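Have the sequence and the 3D view ready as you read.

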Amino acid sequence: MSTDAPGRLQAIQAMVNRASKRFDPAGRPVKLVAVSKTFPAEAVEPLLDAGHRVFGENRVQEAKDKWPALRERYPDLELHLIGPLQTNKAREAVALFDVIETVDRDKLAGVLAAEMNRAERRLPCYVQVNIGEEPQKAGVAPGETLAFVERCREVHGLDVVGLMCIPPDGVPPGPYFAHLNGLARQSGLAGLSMGMSADFETAIGMGATVVRVGSALFGRR
Ligand SMILES: *Cc1c(COP(=O)(O)O)cnc(C)c1O
């Protein structure tokens, strides 16, 4: 694969397109989120210059240091929050990000909804599911997902567009992706954010609509 980021972007975008065509010949679009966490603005700029606009960060503070200046020059970019969010950072998150992928508890859902109303920015959200039921990972339990999605919409008034997961390390991810897909169907949600550098093609084969790729684009962290 190419050694510069724009070359790698082109190669990965081609893999994404191929995998999504194979999964759905009608051409369901799959969004490639370029995960730029730990990499500085100078590493991101070549991708912006190459026309890429969708990026992911996992920390509010890091996004605050890196992205406002880039957004001035590229106002059409779309920044996804893909890491855990504390309620006391919700206001900043609503100002900085365009999509929140990590809604995982009622308190956060309520605070986010209030901050979105206040800022008049109603951002699309994903509910993060702890699909492997791992104690150290964030996310709602699979068995609680349907009820939580319902509360996010009906009680908190969030615009929930899909589910997101990070499957367990070291085991084949396919069954976890399939499980998330089933939960999304049961919830009536079209969005499925799943798949990272090592497994995004598998995820697309299981119905991913969003893949989050970091190291394959930017190199090792
Ligand atoms: C870091 C991160 C990614 C990207 O992981 P890579 O293996 O580097 O592609 C995707 N999703 C989340 C939630 C992450 O924190």
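The lining of the largest pocket has 14 nonpolar, nine polar and nine charged residues. Here Ala, Val, Leu, Ile, Met, Phe, Trp, Tyr, Cys and Pro count as nonpolar, Asp, Glu, Lys and Arg as charged, and the others, Gly among them, as polar. A pocket is an open set of points on a 1 Å grid over the protein atoms alone, where a 1.4 Å probe fits, with protein on both sides within 12 Å along at least five of seven lines; lining residues have an atom within 4 Å of a point.

This is a predicted model, in which local features need pLDDT of at least 70, side-chain atom pairs count only at pLDDT 80 or more, and totals for chains, interfaces and linings use all residues. Residues are numbered from 1 along each chain as its sequence is written, and side-chain values use heavy atoms, leaving out hydrogens and water.

Of the 32 lining residues, K37, I82, I166, M196 and R221 lie nearest the centre of the largest pocket.

What takes up the space of the largest pocket? The ligand does. Around the ligand is a shell with six nonpolar, three polar and three charged residues, including V35, M164 and V213.

| Residue | Part of residue | Distance |
|---|---|---|
| K37 | side chain | 2.7 Å |
| G214 | backbone | 2.8 Å |
| S215 | backbone | 2.8 Å |

Taken alone, the ligand exposes 390 Å², and the protein buries 89% of that (areas by the Shrake-Rupley method with a 1.4 Å probe).

Technical notes
Near = heavy atom within 4 Å. Polar contact = N/O pair within 3.5 Å; in protein donor to acceptor, adjacent residues only side chain to side chain. Sits in = over half its atoms within 2 Å of the grid points.
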